[in-house]
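User: I have a structure open and would like to talk through it with you. Could we begin with a single residue and its surroundings?
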Amino acid sequence: MKYGILDFGTIQKDSNAISTIHETIEMAQMAEELGFSRYWLSEHHEDNLAWKNPDLILPLLAGYTENIRIGSAGVLVGLHAPINTAYHYKLLANLYPSRIDLGLAKGKTEVHKSLELVDGGDWKKNMEDFFNRVKKIKSLINDEVTDIILPPKQGESPELWILGTSNSSQDFIIQEQTNFSLSLFHLINGMPSPNIIKEMKEAYFKKHQKELNVNITLSAFCSKSDKRIEEIREKTKNIMLNFSGKPEYFIPFLEQQAKLYNVDEIIILNLGETIEEKQLLMEVFKTTVSA
């Protein structure tokens, strides 16, 4: 089994954005030392986050680590020009070869923020045009767009991931041969069925005669304190809390989920609120994680 980390960059009480970013660098280094497969950063635009778009933070994480894969999970495709996304991640993939992941998502933010991000453009139309915009990003990265060459020419491409909570992207993923990450912690459609991955894998293999690269993402909080576990359960309202409990029960839970969804990689949204709590969750894997 492989395990990765997803980081929202949430600023905790008595902290600030810069301290949180330094803490994120430290966590990425720890993840690498423990053998985690990936360290992903999200794009969200809430006010309590150390970054909104992680594009500027990803090179820091890649520069302060050596082997772990670093990436975005994910770029909100409707809020960015495809050429900018393609340029940033193609260049990053060649500065840090075989280490960069580009996750692409359909998410949105508040209307007034969306309007600012697209400079008055039609962000709703952009969201509806998700698949064409992803295809444009992919074409630009792979030097397939006439008269537009992004440096370095014919360079390495990032690993492309479609993020989702359902099977709505299945046809596109199969056609374009992208990777897929299924979220278990979004509340949009409730807990997704394991059949989503089963059916997608079967259809992908039927067409390409090879396995689909797929993982699941879930949220987790570990503590030795029953009081802290209950506090996190009470305050976690905007996402589904997939696991909250004592460290010794975490690995069995993950193994159960891996078997249920038939995957060999799980990405974990670490909901620890202090560096000690974050480290406690990660230290569970000291003798478990394999890169």
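Analyst: Leaving aside neighbours within four places in sequence, lysine 207 is in contact with Ile174 and Gln175; contact means heavy atoms within 4.5 Å. This is a predicted model, in which local features need pLDDT of at least 70 and side-chain atom pairs count only at pLDDT 80 or more, while totals for chains, interfaces and linings use all residues. Residues are numbered from 1 along each chain as its sequence is written, and side-chain values use heavy atoms, with hydrogens and water left out.

User: Where is lysine 207 placed?
Analyst: Lysine 207 belongs to helix 8 (residues 195-208). Helices (H or I, at least four residues) and strands (E, at least two) are DSSP runs, numbered from the N terminus. The C-alpha atom of lysine 207 is separated by 10.0 Å from that of glutamine 177, which is 30 residues apart from lysine 207 along the chain.

User: How many helices and strands does the chain have?
Analyst: There are 11 helices and nine strands in the chain.

User: What about the overall dimensions?
Analyst: The C-alpha trace spans about 60 × 45 × 35 Å along its principal axes. For 291 residues, a compact globule would have a radius of gyration near 19 Å, and the chain agrees, with 19 Å. That radius is taken over C-alpha atoms, and the globule rule is 2.2 Å times the number of residues to the power 0.38.

User: What share of the residues is buried?
Analyst: Buried residues make up 53% of the 291 residues. Buried means under 20% relative accessible area, exposed means over 50%, and partly exposed lies in between (1.4 Å probe, protein chains only).

User: Changing topic: how many salt bridges are found in the whole structure?
Analyst: The search finds 16 salt bridges. A salt bridge is a side-chain nitrogen of Lys or Arg within 4 Å of a carboxyl oxygen of Asp or Glu.

User: Which residue forms a salt bridge with arginine 69?
Analyst: Glutamate 159 does, and the closest N and O atoms are 3.8 Å apart. The pair links distant parts of the chain, with arginine 69 in strand 3 (residues 69-76) and glutamate 159 in strand 5 (residues 159-164), 90 residues apart. Arginine 69 counts as buried because its relative accessibility is 16%, whereas glutamate 159 is partly exposed at 23%. Both belong to a network of salt bridges that also links Arg38, Asp101 and Glu265.

User: And lysine 138, which residue is in a salt bridge with it?
Analyst: Glutamate 176 is, with the closest N and O atoms 3.2 Å apart. Here too distant parts of the chain are linked: glutamate 176 is in helix 7 (residues 170-176) and lysine 138 in helix 6 (residues 130-141), 38 residues apart. Glutamate 176 is buried, with a relative accessible area of 12%.

User: Where do glutamate 230 and arginine 233 lie?
Analyst: Both lie in helix 9 (residues 226-235), three residues apart, about one turn of the helix. Glutamate 230 is partly exposed at 37% relative accessible area, and arginine 233 is partly exposed at 42%.
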